[in-house]
Amino acid sequence: MTIDTRAAGSRDAVDRARLHPRCVVCGDGQAHGLGLTFVPSADGRGVEAVFDCRGRVEGYAGLVHGGVVSMLLDGAMAHCLFHRGIVAHTGELTVRFRHEILIGHPARVRAWQEHSRGRVHVLGA
C-alpha cells in the first residue's frame, strides 16, 4: 500500500477516535463495525489486531469476503502509521490473496512500514 500524507498532514500523537470515530474497521461509533483494536506487534515493527471472522463477513461459502480482507489490511496499515504519529490517506492499495481466511476461526491482521520517501509511505501487511 502506498500512502501519501499530502492530503492529511502529520501529528506527533494521533487521536484515532477524533479523526474517524465511525470507522467501520476500528470505530466505536459504528453499530455494524468490526471494532478492532490495533496494538504494537510483538516484533516491534508494526501493529496487529485479532479479527473473529464471524459469518456476517462471508463471501464464498465458509470464507471471509475478499473485500473485507482488503478493508482489514487497509485499516491495519493506517494504524501502523498512526502508531508512528503519521496521519495519511490511502493513495493505492494492491492486494494479493495468498491464503483463504476461514469463517469461524480467529485471524490476526498485521501491518508494518516498509519505507518512506518524503510524504509517501509504503507499507506491507
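**Figure 1. Valine 57 is a buried residue, with a relative accessible area of 8%.** Buried means under 20% relative accessible area, so a value of 8% puts valine 57 in that class. Please keep in mind, here and in every view below, that this is a predicted model. Valine 57 is found in the loop that links β3 and α2. Who are its partners? Setting aside neighbours within four places in sequence, valine 57 is in contact with Leu34, Phe51, Leu63, Val64, His65, Val68 and Ile103. Take Ile103 from that list: 46 residues along the chain separate valine 57 from isoleucine 103, and their C-alpha atoms are separated by 7.9 Å.

Figure 2. Read from the N terminus on, the elements follow the order β-α-β-β-α-β-β-β. The protein chain has 125 residues, and buried ones make up 38% of them. How do the contacts reach along the chain? Among contacts between residues at least 6 apart in sequence, 65% join residues at least 24 apart.

**Figure 3. Threonine 37 is an exposed residue, with a relative accessible area of 58%.** Exposed means over 50%, so threonine 37 qualifies. Look for threonine 37 in the loop between α1 (16-19) and β2 (39-40). Leaving aside neighbours within four places in sequence, its contacts are with Glu48 and Ala49. Threonine 37 and alanine 49 are 12 residues apart along the chain, and 5.9 Å separates their C-alpha atoms.

**Figure 4. Threonine 94 sits in the loop between β4 and β5.** Is threonine 94 buried or exposed? Its relative accessibility is 61%, so threonine 94 counts as exposed. For a sense of distance, find glycine 124 as well: threonine 94 and glycine 124 are 30 residues apart in sequence, and their C-alpha atoms are 9.9 Å apart in space.

**Figure 5. Strand β5 pairs with β3 and also with β6.** Start with β3, which covers residues 46-51: six bridges join β3 to β5, and the two strands run antiparallel. Within this pair, valine 47 stands opposite alanine 111 in β5. Now turn to the other partner. β5 and β6 are also paired in the antiparallel sense, over five bridges. Here serine 116 stands opposite histidine 121 in β6. How many residues lie between the strands in the hairpin of β5 and β6? There are two residues between them, and glycine 118 in this hairpin takes a positive phi near 60°.

**Figure 6. Helix α2 has 17 residues, and its end C-alpha atoms are 24 Å apart.** How many of the residues of α2 are buried? The count is 13 of the 17, so α2 is largely enclosed by the rest of the structure.

**Figure 7. The largest pocket holds about 600 Å³ of space.** How can empty space be found at all? Rolling a probe the size of a water molecule over the atoms shows where empty space is left. In this pocket, 23 residues form the lining, and those nearest the centre are Val69, Leu73, Val95, Arg96 and Ala125. Which elements supply at least two residues each to this lining? They are α2 (66-82), β5 (107-117) and β6 (120-124). The largest share, five residues, comes from β5. By type, the lining of the largest pocket divides into 15 nonpolar, three polar and five charged residues.

**Figure 8. The second largest pocket holds about 230 Å³ of space.** Its lining has 16 residues, and the closest to the centre are His20, Asp74, Ala78, Phe82 and Ala88. Two elements to look for in this view are α2 and β4 (89-92), each of which supplies at least two residues of the lining. Which element gives the largest share of this lining? That element is α2, with six residues. Sorted by type, the lining of the second largest pocket has 10 nonpolar residues, five polar residues and one charged residue.

Conventions:
Residues numbered from 1 in each chain as written. Predicted model: local features only at pLDDT ≥ 70, side-chain atom pairs only at ≥ 80, totals over all residues. Heavy atoms only, no water. 1 Å grid on protein atoms, 1.4 Å probe; cavity = no way out; pocket = protein on both sides within 12 Å on 5 of 7 lines; lining within 4 Å. Points joined across faces, edges and corners; volume = space filled by probe spheres on them. Helix = DSSP H or I, 4+ residues; strand = E, 2+ residues; numbered from the N terminus. Nonpolar A, V, L, I, M, F, W, Y, C, P; charged D, E, K, R; others polar. Pairing = 2+ DSSP bridges. Expected span 1.5 Å × (residues − 1). Buried < 20%, exposed > 50% of the residue type's maximum accessible area, 1.4 Å probe, protein only. Contact = heavy atoms within 4.5 Å.
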